[in-house]
Structures are given as structure tokens and as C-alpha cells.
Amino acid sequence: MTHDQIEELWTSVSNYLPERVKLDCAVDYVKTLLDMDIDTRVLKAAGEHDDKLEQAVKIVLEDEGLEEDEEESYYDEQ
């Protein structure tokens, strides 16, 4: 799944959500994408054009312990 597909799906769904639940829904969406083994770099790219999705990516990556520095060092080692 590309960042464009992720963003397109989110945009389609989020248009039907009340503003007060968008962030919670975005967090669940990002968690589901991580469970599907979507690369964190793809998730970050997908969130660049939507504030709620960008916030959700940051929240989930921090909660999962996948902060940017740790991720880069992981790829540098391989």
C-alpha cells in the first residue's frame, strides 16, 4: 500500500466523520496499518497532507516506541 492510497482512503472516510472523533479514528487507522506491516516511512508520508492523520502517526509511533531516531538507526544497521 502506498502513501497515496493510505491518504486517499483516509480522506474518503474522514469526510463522513464528525470533527470530534477524527483523531481517535485516525489513531485506530494508523494502528491497523502498522499491524499490516506498513512501513513507518510510508505512514509519515501519508500524514503530510492531513493534520489529523499526521497527529495520529506521531501518537502511534511514540506509543509503539518507533520514534524517528530509533527507526533510522535500525535501517542504518542493516
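## Where H1 meets H2

In this predicted model, Ile 6, Leu 9, Trp 10 and Ser 14 of helix H1 are in contact with Lys 22, Cys 25, Ala 26, Tyr 29 and Leu 33 of helix H2, contact being heavy atoms within 4.5 Å and helices being DSSP runs (H or I) of at least four residues, numbered from the N terminus. Seven of the residues in this contact are nonpolar, one is polar and one is charged.

The two helices, H1 and H2, pack at an angle of about 150° with their axes 12 Å apart, where axes are lines fitted to C-alpha atoms over the stretch in contact and angles run from 0 to 180 degrees between N-to-C directions.

## The aromatic pair

One aromatic pair is found in the whole structure. The ring centres of Trp 10 and Tyr 29 lie 5.9 Å apart with the planes at 20°, so the pair is stacked (centres within 6.5 Å make a pair, and planes under 30 degrees apart count as stacked, over 60 as edge-to-face and the rest as tilted). Trp 10 in H1 and Tyr 29 in H2 are 19 residues apart, and both are buried, that is, under 20% relative accessible area with a 1.4 Å probe, protein chains only.

## Basis of the values

Residues are numbered from 1 along each chain as its sequence is written, and side-chain values use heavy atoms, with hydrogens and water left out. Because the model is predicted, local features need pLDDT of at least 70 and side-chain atom pairs count only at pLDDT 80 or more, while totals for chains, interfaces and linings use all residues.

Technical notes:
Rings of Phe, Tyr and Trp (its six-membered ring) pair if their centres lie within 6.5 Å; planes under 30 degrees apart count as stacked, over 60 as edge-to-face and the rest as tilted. Buried means under 20% relative accessible area, exposed over 50%, partly exposed in between (1.4 Å probe, protein chains only). Ala, Val, Leu, Ile, Met, Phe, Trp, Tyr, Cys and Pro count as nonpolar, Asp, Glu, Lys and Arg as charged, and the others, Gly among them, as polar.
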